[in-house]
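Dear colleague,

Please find below the structure that I promised to pass on, together with its sequence.

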2 protein chains.
Amino acid sequence: MSSQPVEVAAPVSRVQRKRGRRVQEILATAAELFGERGYDAVSLDDVAERLDVTKGSLYYYFPGKDELAVAAIETLGADWTGRLERLAATVEGSPHERLRALLREHVAIAVGEYPAALRLFLVPSTWPADPRERIKELRRRHDQVFRGVLEEGLASGDFAVTGVDTTLQCMHAAMAQAPLWCGGLESEARERALDELADTLMKLVAAAAQ
Amino acid sequence: MSSQPVEVAAPVSRVQRKRGRRVQEILATAAELFGERGYDAVSLDDVAERLDVTKGSLYYYFPGKDELAVAAIETLGADWTGRLERLAATVEGSPHERLRALLREHVAIAVGEYPAALRLFLVPSTWPADPRERIKELRRRHDQVFRGVLEEGLASGDFAVTGVDTTLQCMHAAMAQAPLWCGGLESEARERALDELADTLMKLVAAAAQ
DNA sequence: CAGTCTATTGACTACTGGGTCAAAGTTTGT
DNA sequence: ACAAACTTTGACCCAGTAGTCAATAGACTG
C-alpha cells in the first residue's frame, strides 16, 4: 500500500508516538512536583498548571491521581536505578573502589539531577497503598545494586561488616538525606561535601584499606 | 482564709491543673497521630476521635492545627532529647562506650516508646513553615548531645572521623530509619537488630577499639 | 473541503477538612 | 442550692480538591 517499504512493521503510528511524548512530559513534571512536596501537598491542578494545561487533560491520559503518581515514580526510579546498574557492570577496580564509585554516583544523581525526587524514596508512608508498594519495590531493586558490590567485597575479604542488611540500610538512609544537606551549597563546597559523605560511608565496610 | 497554710503560694488552681492535664492528653495523642501519618494526613477530626471528643474541643485549647502540631512536637522532642542529655551526663566510660550507650538508648526510645513519633524528626518538608522551624531547632538540640560525645572522643584521640557534621548526619539519618526496619520484629530479634545497628554506626568513628 | 479521530477545555458534582459559634452541659466556689 | 466559670457539643461556613463530562478546538485523511 505504502510507497515506503522501510519501517513497514512500525508498531506505533505518528500519533501514538506523539501521545507517548506527551505522557513523558506529564510524568516528568509530576515526578518533579511529587518529589518537591510529597503526595498530599500536590494537587492535580498544580501538575496541570506547571504543564500549562487544565486538570481535565491529565484525566485524558491517566485514570486518577494514584495511577499518575505510580507511573511517575516508576519512570524516575527505573532511570535512576538503571544508571547505577550500568555503572556497577562497567566500573573496574577493587570492591572498595567500585563501592565508592557507586556511592558517589548515587548522591551525585540525587543532588544534581533529581534534587526534588528525593522524597519519592524517603518515608513513603503518607502515600496511598498502591504507590507505596511500587516505591518499596523500586527501593529493593535500588538496594540490590549496592548489595551486589557489598557481598562481592565480603567474599573477597576486602570488607568486614557486622550485618549486610544493616550496613545497606545505613548507607541508604544516609544517602537519601544527602540532597537535604547539600542543597544550599555551591558547586565546589558541594563536591567536597559529597566526597566527605562517600568517605564516611566507606567506613561502614571497615576492613577496606584506604 | 484557708485552714491549710501549706501550698499557699501554689501558682495554679485545681482547675488550671486539670486543664494542664487535658492539654497533655491532647498533645500526646496528637504527637502519636502526626508521627504515624505526618501532618497532612492527620485531620483534627482524627485527633478528636481518638480522644473521644469533637473537633470543637480542640479549638478550645489550641488556636489551630499548626499550633497544636508545634506544641505536640515540642513536648515529645523535649522529653526525648532530655533523656538523652541526662544519659550523656551520667554514663561513665570511654568515649567509645559513651557514644555506643547513647546510640543504643536513642534507637531504643525511638523503637520502643515513640514508635510512631519517627516522622516528626524526618523530612519535615511537608510541614507548614512554623512547625518546620521548630522541628529543625529540636533536631539541632538533639544532635548536640551526640556532637558533644563525638568531639570529646576526637579530642582524646579515640575517634577518627573525616568530618564531624557528616558523621553526625549519617548517624542521625540511619537512626531515624531504625524504627522502620525494626518495626515488625519480635523482642529478641529486635534487640539483636538494634545491637547490630549500634555496632555498624560505631564504625563511622573508625579508630575506636572494639 | 468534509469527516473523523485526537486532544483540551471549563463548568459541574461531591466530598473533605480547617475553622467558627451559640447553645447546652458540667464543675466549682459560696 | 445557686450562680459563675469552665468545658463540650454539633451544626454551620468556606475553600480546596479528586473526579466527570458534554462541548469544542485541532490535526489528519480521503
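A:K18 is placed in helix α1 (residues 14-37) of chain A, where helices are DSSP runs of H or I with at least four residues, strands are E runs of at least two, and both are numbered from the N terminus. Please bear in mind that this is a predicted model, in which local features need pLDDT of at least 70, side-chain atom pairs count only at pLDDT 80 or more, and totals for chains, interfaces and linings use all residues. Residues are numbered from 1 along each chain as its sequence is written, chains are lettered from A and ligands numbered from 1 in the order in which they are written, and side-chain values use heavy atoms, with hydrogens and water left out.

A:K18 counts as exposed because its relative accessibility is 58%; the classes are buried under 20% relative accessible area, exposed over 50% and partly exposed in between, with a 1.4 Å probe and protein chains only. Together with A:R14, A:R17 and A:R21, A:K18 forms a positive surface patch. Patches are made of residues with over 30% relative accessible area and no salt bridge, like charges being joined within 9 Å and nonpolar side chains (Val, Leu, Ile, Met, Phe, Trp, Tyr) within 5 Å.

Turning to salt bridges (a side-chain nitrogen of Lys or Arg within 4 Å of a carboxyl oxygen of Asp or Glu), the search of the whole structure finds 30 of them over all chains. In one of these, the closest N and O atoms of A:D165 and A:R147 are 2.9 Å apart. This pair links distant parts of the chain, since A:D165 belongs to helix α8 (residues 164-182) of chain A and A:R147 to helix α7 (residues 129-155) of chain A, 18 residues apart. A:D165 is partly exposed, at a relative accessible area of 42%, and A:R147 is also partly exposed, at 22%.

In chain B, the side chains of B:E32 and B:R50 meet in a salt bridge with an N to O distance of 2.7 Å. B:E32 lies in helix α1 (residues 14-37) of chain B and B:R50 in helix α2 (residues 44-50) of chain B, so this pair ties together parts that are 18 residues apart in sequence. B:E32 is partly exposed at 38% relative accessibility, as is B:R50 with a relative accessible area of 37%.

A further salt bridge joins B:R104 and B:E191, whose closest N and O atoms are 2.8 Å apart. Here B:R104 lies in helix α5 (residues 95-113) of chain B and B:E191 in helix α8 (residues 187-202) of chain B, so that distant parts of the chain, 87 residues apart, are linked. B:R104 counts as buried at 18% relative accessibility, whereas B:E191, at 39%, counts as partly exposed. In chain A, salt bridges that share partners join A:R100, A:R104, A:E191, A:D195 and A:D199 into one network.

B:V205, in the segment after α8 of chain B, is buried, with a relative accessible area of 0%. The C-alpha atoms of B:V205 and B:V161 are separated by 5.4 Å, although these residues are 44 apart along the chain.

Methods
Areas by Shrake-Rupley, 256 points an atom, 1.4 Å probe, with all protein chains shown as cover. Lys, Arg positive; Asp, Glu negative; His and termini not counted. Charge placed at Lys NZ, Arg CZ, Asp CG, Glu CD.
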